[in-house]
Structures are given as structure tokens and as C-alpha cells.
Amino acid sequence: MSDETARQIEFPLDRAFTFVESGPVLLISTRQHGKSNLMTVSCHASMGFEPSLGICLGPWNFSYAALTATGECVVAIPPASLMEQVVDIGNCSGESMDKFAHFGLTEQAARQVQAPLVAQCLYNLECRVVNRTLVDEYNFFVLRGVAAWRHAAPADTRSFHAVGDGAFIIDGEIINLRQRMSKWQDCI
Ligand SMILES: Cc1cc2nc3c(=O)[nH]c(=O)nc-3n(C[C@H](O)[C@H](O)[C@H](O)COP(=O)(O)O)c2cc1C
């Protein structure tokens with residue numbers, strides 16, 4: 001039965017990233033010359049099960065030089081309770097400040113990389129850059145996770161998502177449909 005009220009109207013192509021961008025907002029930690037830094041990243045893509053992911057990181061960011069030089073970073077998933085700090089972290093540069101100290105975030109030593117974990121985040125994934133072939137054209141770094149961590153007792157378990165226009169979506173109700181996942185019982 002067709003729904004006569006359903007109809008598509010054209011959407012501006014240059015804004016189309018806003019409806020595919022909504023993975024969790026990330027903090028990327030890097031460390032170079034003995035100095036740790038943080039930046040906010042919302043443009044990223046899951047790339048496999050190893051786990052691998054791609055992040056878009058523009059050369060205008062201080063973090064770009066550190067990631068390019070060291071080939072290492074930590075990908076952290078901040079809780080919704082840190083949303084305002086995370087937006088502010090994405091609106092200032094580590095070139096002229098210590099963002100961990102300024103935003104009251106705690107560095108925790110990682111196991112495999114020099115960049116620190118962010119203790120307040122829900123998850124931290126230590127990563128190495130494994131592919132740079134798309135950096136020149138797309139600013140796209142492919143990362144592979146080499147160690148993963150989760151917060152021992154998070155007060156807020158919600159991550160949040162960028163729409164792309166300064167608005168954000170906080171995770172909502174969790175719906176358990178595991179019984180319907182008949183084909184994928186080994187994965188859940
Ligand atoms: C919500 C949000 C999302 C952002 N996403 C990205 C992104 O995906 N890629 C990027 O290069 N910069 C992104 N930025 C901008 C950087 O976080 C920003 O330029 C930051 O100041 C870089 O810090 P740094 O110079 O210390 O490296 C984002 C900023 C905000 C607020």
C-alpha cells in the first residue's frame with residue numbers, strides 16, 4: 001500500500017553532509033614535543049571491524065601537524081555532559097594553550113601510543129595512522145585502533161552528535177531489539 005503523503009523535495013547538496021554526519025562527536029588527542037592537545041571532530045567514518053575509522057582533519061588545525069608527524073592519536077567519545085566544553089575545544093587552538101588544563105580534563109597514559117587518553121570520556125581508542133592516500137584530496141586519515149578503554153563508572157552514558165550547523169543531538173531512548181537479530185546472534 002503506497003503512502004500518498006510521502007514525497008521528496010530537493011535539499012541543497014552543499015548541506016547534505018548534515019544528514020550523514022551524525023556519528024558521535026569525537027575528541028582527538030595528540031602529543032608532540034612533550035605537549036598534549038585536543039581537538040573536536042565530527043566528520044568521521046567507520047571503516048571496518050578491526051576497528052578502523054577515517055577522520056577528516058583539516059591542515060589549518062594545530063592537531064594536523066602532530067597527527068602527521070607522529071602518526072598516532074587517541075579517539076575519545078565524550079559524554080553529553082561535556083558538550084559545551086567539547087564545542088569550545090573545537091573553537092580554540094592548542095598552539096597557544098593547554099586544552100587539557102584549561103577545560104579541566106585529565107590525561108591518562110595510553111598503553112600503545114604517546115597521545116593521552118581523556119579520563120572523563122566514555123571510551124578511548126588508541127590509534128595509529130595506517131593509510132594517508134586520501135589526505136591530499138580529502139584531508140582523510142585512516143586510523144586503526146590498537147587498544148581500547150571505557151570509563152569505569154560513567155555518570156552520563158549518552159554520547160552526542162553534530163548536525164553540522166551548530167546544533168547537536170543527544171542520544172535518546174535505548175531500544176532493545178536483540179531478539180529480532182536472528183541472523184546476527186554471534187555478533188551481539
Ligand atoms: C562540533 C565541531 C566539530 C568539528 N569537526 C571537525 C572535523 O571533523 N574536522 C576538522 O578538521 N575540524 C573540526 N572542527 C574544528 C576543530 O576542532 C578546530 O579547528 C579546533 O580549534 C582545532 O584545534 P587545534 O588547532 O588545537 O588542533 C570541529 C569543531 C567543532 C566545534
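Which residues of the largest nonpolar core touch the most other members? In this predicted model, the core comprises 35 residues, and those touching the most other members are Leu27, Ile28, Cys73, Val74, Val75, Ala76 and Leu143. Strand 5, spanning residues 72-77, contributes four residues, the largest share of this core. Nonpolar side chains tend to be buried together in soluble globular proteins. Beyond its neighbours within four places in sequence, valine 75 is in contact with Leu26, Ile28, Leu53, Leu125, Cys127 and Leu143.

Strand 1 (residues 26-32) runs antiparallel to strand 2, to which seven bridges join it. Within this pairing, leucine 26 is positioned opposite valine 41 of strand 2. The two strands, strand 1 and strand 2, form a hairpin in which two residues lie between them. Histidine 33, located in the turn, adopts a positive phi of about 50°. Strand 2 is mostly covered, with five of its seven residues buried.

The ligand is surrounded by 20 residues, of which Cys43, Phe62, Ser63, Gly90 and Gly94 are the closest. At least two residues of this shell are supplied by each of strand 2 (35-41) and helix 1 (62-70). In composition, the shell around the ligand divides into 10 nonpolar and 10 polar residues, with no charged residues.

How values were computed:
Residues numbered from 1 in each chain as written. Predicted model: local features only at pLDDT ≥ 70, side-chain atom pairs only at ≥ 80, totals over all residues. Core = buried A, V, L, I, M, F, W, Y, C linked by C-beta atoms within 7 Å. Buried ≥ 20, exposed ≤ 12 C-beta atoms within 10 Å, placed from the backbone. Contact = placed C-beta atoms within 7 Å. Near = placed C-beta within 6 Å. Nonpolar A, V, L, I, M, F, W, Y, C, P; charged D, E, K, R; others polar. Pairing = 2+ DSSP bridges.
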